[in-house]
Amino acid sequence: MMQQIWDLILGFLTSKYFLQLFFIPGIAFIGLFTLIVVWFERKLLARVMLRYGPLHVGRVAGILQTLADTLKLLFKEFIPPRKAYKLGFYLAPVFYASVPTLALTAIPFSPTWIVYPSDVGLLIAYAVIACTPILPIIAGWACNNRYTMIGGLRIIFQDVAGEIPLLLSALGVVMLSGSFNLVNIVNAQSRYWFILLQPLGALVFFISLIAMVERVPFDIPTAEQELVFGWRTEYGGILFGLTMFGEYISLAAGSLLFSTLYLGGYLGPNPFPGFIPSDFASMAWILLKMAVMVTVLIVIRGAYPRLRIDQLLNLGWKWLIPLAMINTVLTMLMIYFFPWVGGA
Amino acid sequence: MSTVKNTIRPLVLAFSHVFRRVFTAKYPYEAPSRPSRCRGRIMLRIERCISCGTCEKICPNIAIKMVKLKGSDKLCPQIDFGRCMFCYFCVSYCPAEALIGTELVEISVYSKEKLIYPPEKLAEEPKWPDLLPKPKRVKLRVVGRRGAGHVEIGRE
Amino acid sequence: MKESNAALLKSRWISWGPVHPASGQLRVLFDTDGEHLLGAKVDIGYVHRGIEKMAENRFFIGVIPMLEKICILDASNYDLGYVRAVEEIHGVDVPERARYIRVFMCELNRITSHLYWTALMAAVTGFYTILMWAINDRELLLDLGAEYTGQRVSYIYIIPGGVRQDLPSGFKEKAFEFLDYFEQRLKILYDTFFTNKLFQMRTSGVGVLKKEDALRLGAAGPTLRGSGLKIDVRKDDPYEVYEEMDFKIPTGERGDAYDRCMVRFHEMEQSTKIMRQALESMPDGPVKVRVPWIAPKGEALSRVEAARGEADFYLLTQRGSKPYRLKISTPSFKNLYLFSHISRGHLVADLPVLLFSLDPFPLDADR
C-alpha cells in the first residue's frame, strides 16, 4: 500500500503535469518571469534614458532589486478606504493577478508541451483576455474614489477599442492555417512565419495588444499625470504588487500569443538534436521570441508619450478595425489565388 | 509618409541611446569636480579678521552674527549655514580677505544647531564627511560619438 | 431630474493639486461630465512669499539673491531686470564687456529654463525618456554656468555696475565645445520629441488661443508668440546689446499647445545663436564699475524678456540704501490667467498639457 502511494507520488512528481504546473508555464516560470522582466525593464529603460537603473541590491547590476521590492510590499499594511466596498476591493487584485495566468494554459511551448491541448486554443486565450478588464472596473468602482472610477471607466472604452481589432486581425492567421488549434497554427508556419504573409494583420494585432496590456503609449487607465494612478490609486502593499504582477503576466501572455501567431511559435532549429531534447529546444525558441517581443515593448515605452482616450478610440474604431477587415479580405484573395501559401 | 517617419524615428533614436554613455555620476562614489569658483562652505582666517562687521551688515539672510572668540574679546563672524544661501557677498566684500570660499558643499547634518558654525569651527579646514566613502573625482566631458558623460579625471 | 443633476455636478468639483504628481504648487479646480471638462479654474497663492515687501528691508545688492527665487529656473533674467532699474536710478554706464557677458548669461538661462519646461512637458505627457534627456542636457549648461559664476542655478552674478567676475581663461573654448554638442542634442530632441507623431497628436488643436484673445487677455512671452504675434522686448525695446545680435523671433500660426511648444524649441535654437555671437564679439575691458551704496531719490521702470515672457520691474527710491518700493510684474501670473479660457471644451486628459503649454511657474505667479 505504502509502495503504491509512493509510486503514485513519484509518478506525479516526474510526470509532465507536475512539470507544467510548477515549471513551464507554471509557478516557477511566471514567478521568475515577473522578477526578471521587471528588473530588465527598469534596466533597459534606464539605459534608454541615459541612467544606470538598479545598481546595488544583489551585487550584479541590482538583479535582486525586484525581489527586495516584492518583500517590502509583502510587509506593508494595506489600508482600504473607509467607504470602499471591501469584498471587491480585496478580491479584484487577487483575480487580476491570477486570471491572466490561465491564458498561458493555451499556449503551446512545444508540439506536445501544452497544458490544455484543445482544438480551439486561440479562442480560449481570447476568452481569458476578455475576462481581465472586468476586474479593474470592479476595483475602480469598489474603491469609491473619483480617480479610480474614471480609471475604471477608461478601461471599458480602451478594451472595447482594442479587443475587436485583436480578434479580427487574428482571423487571417486562422484562415491561412485553417485551424483554431494553436499547435496547427504554429506547424503551418514551418515554411514562412505569418508575419511575412500578414504584415498588416501583425501590425494591427501588435498595436491592439499594446492597448490590451495597457502599456505606453496606451497606459491611459493609469495615467499618472491626470488620474494619480488610475484604478490602482487606493491600493498599497501586496495588493498593489498583485496588480503589477497581473500586468506583467498579461504582458507575458500577450507576447507569447504574438510569437505563436506570427513569429513561428516554438519552431526553430535544434542545434544538437541528439543532445538536447526537442521539447527543450522548442521552449527555448518560444521564450527567446517572447524576450524579443518584451524588449520591443519596453523600448516603445521609452519612445512615445501617452495618447488620449479619444485618440485611442479613433485609432481603434477608425483605423485598426477597418485595417483588420482589409487584412481579412486580402488573406481571402491570397488563399483563393495562391492556395499553396497556407499550411492547411 | 511623414507620419510613418515621425513614428518610427523616435523609436530608432530611443533604442540607439542604449549604446550611448550613461550620463549619471554615481554620487557619492563619484563626485563631479567643482569649478574653481565653486561657492561651498565658507572658511574664516581668524588672524586676518579685523572685526569690522561688514559681513554681518551685507548678509541678505541675516545668517552672520558677530560673536566673541573664546577666551578673548575679539569679535569674529559666526555663520548659520541653515540660513546661508551661499551668495558669497560676505566673501566678496570682506576688506581684509579674512573670509574665503572653499569647494566643500557636503555639510549636511542631522540637527539644525550643528549648522551654526562659531568662528573656531569656521576656521577649520573643510574636510570630506566621514560617513561618505572617499569619492573618485569625475568631470563632465563631451567625448566622442558616445556622447557626454562623467569621466574620471586623469583618464580622459 | 434637473436638481439631482445639479447636485451631482456640485459634488464633482475635483481638485487637481496642489498635492498631485503633475500639478506643481498650484491647484486646478475642474468640473467634469465624464471625461469632458465643463469648467476649470486655477487657484494660486500657495507659495506667496511677499518678496516685494521683503525687498524694502534689504540693501540694494541684498535684494538680488531673493529676486532670483521668484523664478529660480530663470534667475539671471530677473536679476537683470532689477539691476537695470537700479542702474537707471544711479545713472551709471555699464562697461561694454559686462553687457556681453550679461546677454550670454541671460540666454544661457533662457535655454536652461526652456529645457526644464521640455522635461516637464514630456513628463506630463508620460514621456519619461525626454524628461531624463532634457535634464541631462540642461546639466551641461548648468556646468558651463558654474564655470564662471560658481553656482549651478542661483547665480547671483549680475550686480549693479556690471557682473561680479570676469570669465575665466579658456572659457571660450569650453563654451564652444558644449554649444556644439548642445546643438546636436537639440536636433535629437527635435526628432524624438517635438516631431514625435504621438506628441503632435497630443498637443495640436489643444488649447487654441486666438491672436485677438491673446492680446485681450494679456498673454506674455512664448504663449503670446505662439498665437502668431511678433512681440518680444529684446526686439521691440532692446536692452543691453540685443540690438547688435542677429536673431529671429519664432512665432506660431494656430496658437495651439503645439505651436507654443515649437516656439519654445526654436527659441532655444535662437538663444544658442545669440550665445555664440556674444562670445565671439565680446570686447576686452573691465566688467564692473563702482555703484554708490546710497541711492538718490528717483524712480525707474525696466523691462526684460524673461524665459516665460515680459517681466517688469518698477523701483521707487527715497535717498537711502534700501528700495522704497519694488513692484514686479511677472509673466506666469499673466499666463495662468488664460487657463480657464483655453481649457474650455477639452478633456480631462488634456489638463496637464494645457497647463504646461503655458509654462507656469507657481512661485513666479505668487511672488
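Predicted model: local features only at pLDDT ≥ 70, side-chain atom pairs only at ≥ 80, totals over all residues.
**Entry 1: a helix pair in chain C**

I looked up helix α6 of chain C, residues 128–149, and helix α7 of chain C, residues 171–194. I noted that the two pack at an angle of about 165°, with their axes 11 Å apart. Because angles over 145 degrees count as roughly antiparallel, I recorded α6(C) as roughly antiparallel to α7(C). I also recorded that α6(C) passes α7(C) in a left-handed crossing.

I then asked which residues make the contact. On α6(C) I found, among them, C:Ile130, C:Trp133, C:Leu140, C:Leu141 and C:Leu144, and also C:Asp137, C:Asp143 and C:Glu147. On α7(C) the contact residues include C:Phe171, C:Phe178, C:Tyr181, C:Phe182, C:Ile188 and C:Leu189, as well as C:Lys174, C:Arg185 and C:Thr192. Sorted by class, the contact of α6(C) with α7(C) has 14 nonpolar, one polar and five charged residues.

**Entry 2: the domains of chain A**

I turned to chain A, where the domain assignment gives domain 1 as 1–75 and domain 2 as 78–341. I noted a distance of 21 Å between the C-alpha centres of these two domains of chain A. Their contact takes 19 residues from domain 1 of chain A and 25 residues from domain 2 of chain A.

How much area do the two domains of chain A bury between them? I noted about 2,100 Å², with 82% of it on carbon and sulfur atoms.

How values were computed
Residues numbered from 1 in each chain as written. Chains lettered and ligands numbered in written order. Heavy atoms only, no water. Axes fitted to C-alpha atoms, helices over the stretch in contact; angles between N-to-C directions. Helix = DSSP H or I, 4+ residues; strand = E, 2+ residues; numbered from the N terminus. Parallel < 35°, antiparallel > 145°, perpendicular 65-115°, else oblique. Left-handed = near helix turned anticlockwise from the far one by under 90°. Contact = heavy atoms within 4.5 Å. Nonpolar A, V, L, I, M, F, W, Y, C, P; charged D, E, K, R; others polar. Domains from an automatic or database assignment. Buried area = accessible area lost by both parts, 1.4 Å probe.
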